[in-house]
Amino acid sequence: MEAFMTKRALKRQLREGAFDARQFEDDGKVRRLPVDRAWSPLPHYNDDRDQAYMKTIKAKSQGQQALIEAIDAKNLVLALGPAGTGKTYLAIAKAVEALEAGRVGRIVLSRPAVEAGESIGFLPGEMEDKLAPYLRPLYDALSDRLSMKRVRALMAEGAIEIAPVGFMRGRTLNNAFVVIDEAQNCTYVQLKMLLTRLGWHSTMVVTGDPAQSDLLPELSGLATVAEKFEAVDNIAVVRLADRDIVRHPLVAEMLGVL
């Protein structure tokens with residue numbers, strides 16, 4: 001009966017997301033399978049790039065280098081490109097670098113909470129809980145550059161703020177590093193509102209892939225805004241390509257046929 005209850009409790013914990021692996025640390029029956037870290041599903045790829053984490057970010061392609069240089073040189077940068085090119089990661093990494101160096105007083109991260117076939121109303125919890133899954137990629141990128149303890153401390157201090165696009169209206173963002181992620185899911189009016197939030201001593205990086213919008217093609221405003229900004233000298237528009245993808249090599253192959 002005890003074993004049955006344990007299994008039932010385990011199923012409930014897994015279903016509710018409360019699974020704690022520490023409760024099995026003393027289980028002598030657990031068998032750990034050997035892991036071959038050198039194994040690759042595609043051994044014919046000779047990828048000699050350094051994938052290890054480095055405190056100082058390092059470009060892994062010419063497009064990424066152009067993006068880093070643009071962020072260093074301009075106060076407003078649009079980074080357009082397919083999935084896996086490091087747009088969001090590089091933008092957040094540069095934001096953390098600027099905050100740690102004291103060049104800005106806070107980081108503001110924002111992305112649209114657009115339903116891509118799923119309904120936000122059916123997610124459990126209050127409004128903050130419903131929005132959390134949409135903002136999770138920003139938390140992941142932050143935690144890759146800072147420890148979660150440090151992230152929580154900075155958020156408690158107000159030095160890091162993560163908010164959906166709808167919460168940005170009417171604000172002026174001074175002395176801040178602003179990252180607008182997944183901008184392809186913003187309308188032209190939303191982008192105009194976001195871009196005009198830029199205040200003194202601030203940098204804004206807008207990232208997105210116009211080819212992967214969850215909005216109807218005529219509603220997404222990113223491509224239109226990027227075309228207009230290419231004629232403005234004080235704004236950088238960086239277009240990344242398939243050759244800049246730094247995820248698994250299959251990502252580039254998939255995007256080439258999808």
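Isoleucine 160 touches Leu99, Ile107, Leu142, Leu146, Leu154 and Met155 when residues up to four places away in sequence are not counted; contact here means heavy atoms within 4.5 Å. The structure is a predicted model, in which local features need pLDDT of at least 70 and side-chain atom pairs count only at pLDDT 80 or more, while totals for chains, interfaces and linings use all residues. Residues are numbered from 1 along each chain as its sequence is written, and side-chain values use heavy atoms, with hydrogens and water left out.

Ile160 belongs to the largest nonpolar core, which has 34 residues. Such a core is a set of buried Ala, Val, Leu, Ile, Met, Phe, Trp, Tyr and Cys residues joined through side-chain atoms within 4.5 Å; buried means under 20% relative accessible area, with a 1.4 Å probe and protein chains only. Leu67, Val77, Leu109, Leu142, Ile160 and Phe177 touch the most other members. Helix H3 (residues 87-100) gives the most to this core, with 8 residues. Helices (H or I, at least four residues) and strands (E, at least two) are DSSP runs numbered from the N terminus. A second, separate core comprises 24 residues, including Leu80, Ala176, Val206 and Val237.

The axes of H6 (residues 188-195) and H7 (residues 222-229) come within 8 Å and cross at roughly 50 degrees. These axes are lines fitted to C-alpha atoms over the stretch in contact, and angles run from 0 to 180 degrees between N-to-C directions. Tyr188, Leu191 and Leu195 of H6 meet Leu222, Thr224, Val225, Lys228 and Phe229 of H7.

At 3% relative accessibility, serine 202 counts as buried. Its side chain reaches the backbone nitrogen of asparagine 175 at 3.0 Å. Leaving aside neighbours within four places in sequence, serine 202 is in contact with Asn75, Leu173, Asn174, Asn175 and Ala176.

Another loop, between helix H1 (2-16) and helix H2 (62-73), holds alanine 59. Alanine 59 contacts Gln64, Gln65 and Ile68, neighbours within four places in sequence being left aside. Alanine 59 and glycine 86 are 27 residues apart in sequence and 9.4 Å apart in space, C-alpha to C-alpha.

Definitions and conventions:
Buried means under 20% relative accessible area, exposed over 50%, partly exposed in between (1.4 Å probe, protein chains only). A polar contact is a pair of N or O atoms within 3.5 Å; within protein, one must be able to donate a hydrogen and the other to accept it, and residues adjacent in sequence count only if both atoms are side-chain atoms.
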